Amino acid sequence: MSNIRSAFIASTALALAATNAFSVRVRLDPSTVLVVVNDSTPLEPGTGNKGASQYVADHYASARKIPPGNIVHIRVPMGCCENDPKAWDSWTISWQSFKDNVRTPIKQFMALKRLTSKIKYIVPTYGVPSHISRHPYGATGLSVDAMLSIMSTRYADLYALQNPLYNPDPDRMPHVTQKVFRSPFYFVSRLDGPSAQIAAGLVDKALDAERGISRKSGVGYFDWQNRTPGDSYYVADQTMLSAYNLCVEAGMQCNLNDQSIAGGLIMNAPNTLWAWGWYSGGQVNDVYTFVPGAVGAQLTSYTAGSIRTPAPGAWVPLWLERGVTATWGATSEPYVDRYTVGDCLLNRLWKGYTFAEAAYLATPYLGWTMVFVGDPLYSPRFID
């Protein structure tokens, strides 16, 4: 990862020379959001007489004033035997099913509604599959959302593509374009989690933070291993220290856990507002409690091996249960140099990018294993 990141910085230095760190505030346009509903998702407690996917979509569309014509309905069977969105074969589908039941109907809907070039954000809701079991070229556990983001490009059937949007310098605030590979590109972030109520609640937490939070509303926790230069994980490790330093520079409450001194992961993290740490070896540390607006993740394999149910190494469903507003993870083995980078994502979020924009600007590869969970439009507003 070190060589890749260094080479990227060198090759883009000239182009970015005129771009200085600055605060941005994007204009949110609800008509650029497409919401995806899986009509096969049954009712569950708290959704009344609506299917759980429809319930989440309706709640989100109402909260964000998404036009009714921007809601697309697909029908993906809920597993072979169980009508349960938490069953493995409900959230994991074949490549053929992804093409036939997810990608094609969405593309057809957008073409019919003349939305192909207008849509910027796509929001799969609870009940929409998240994992692809196997790609024809051999990769396993690809992210449904990662493949949807590139579905209108000429590379739609490929995977692990270097991301032209990615910038590894967290102090750079690049222009966000919807033209990637000279084609429409989509920022995909889902409203999902262990229940439909948790999934729907993600927009409520986001809106709370957009009404205004203090830089002292919570604490940023950063889990650093303090690896030595030359270590194959050194560059990734430095992003935790970088995120901590950026947090301090932003005038927030920040806590750095040096694992080389502490002997392990953070063991107490109350009132978490920001988090970026890594490499737990499959251990999921249930010590975080989150305040509204909280964003964070762990750089560990299989952090989103499951989104709706507990699984070894799956930080994403646990943190959603504990109240995080937005998070991200890997649906299978991501490789450290392909994982969404936390210092880049968080600093850009603090500067005014939306969660989805910040996420894709911080993601080295497209069409891979990353999945983002939270309101893509979320952009916290600081009142101090």
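Which backbone oxygen does the side chain of Thr47 reach at 2.8 Å? The one on Glu44. A quick word on the source: this is a predicted model, where local features need pLDDT of at least 70, side-chain atom pairs count only at pLDDT 80 or more, and totals for chains, interfaces and linings use all residues. Residues are numbered from 1 along each chain as its sequence is written, and side-chain values use heavy atoms, with hydrogens and water left out.

Back to Thr47, which sits in the loop between strand E1 (33–38) and helix H2 (52–64); helices (H or I, at least four residues) and strands (E, at least two) are DSSP runs, numbered from the N terminus. With 4% relative accessibility, Thr47 counts as buried (under 20% relative accessible area; exposed is over 50%, partly exposed in between, with a 1.4 Å probe and protein chains only). Its side chain also has a polar atom 2.9 Å from the backbone oxygen of Lys50. Leaving aside neighbours within four places in sequence, Thr47 is in contact (heavy atoms within 4.5 Å) with Ala52, Tyr55 and Ala196.

On to H2. Buried residues in H2 include Ala52, Tyr55 and Tyr60. Among the elements covering the buried residues of H2 are E1 and helix H6 (196–210). After H2 comes Lys65, with a positive phi near 60 degrees.

Strand E14 (residues 288–299) has 10 of its 12 residues buried, so it is largely enclosed by the rest of the structure.

| Partner strand | Sense | Bridges |
|---|---|---|
| E13 (residues 269–278) | parallel | 7 bridges |
| E15 (residues 326–330) | parallel | 2 bridges |

Thr272 has Phe290 of E14 as its bridge partner, while Gly296 stands opposite Thr327 in E15.

Now the rings. Rings of Phe, Tyr and Trp (its six-membered ring) pair if their centres lie within 6.5 Å; planes under 30 degrees apart are stacked, over 60 edge-to-face, and the rest tilted. That rule gives 25 aromatic pairs. Tyr288 and Phe290 have ring centres 6.1 Å apart and planes at 10 degrees, so this pair is stacked. Both Tyr288 and Phe290 are buried. Elsewhere, ring pairs link Tyr121, Phe185, Phe187, Phe355, Tyr360 and Phe372 into a cluster.

Notes: Polar contact = N/O pair within 3.5 Å; in protein donor to acceptor, adjacent residues only side chain to side chain. Pairing = 2+ DSSP bridges.
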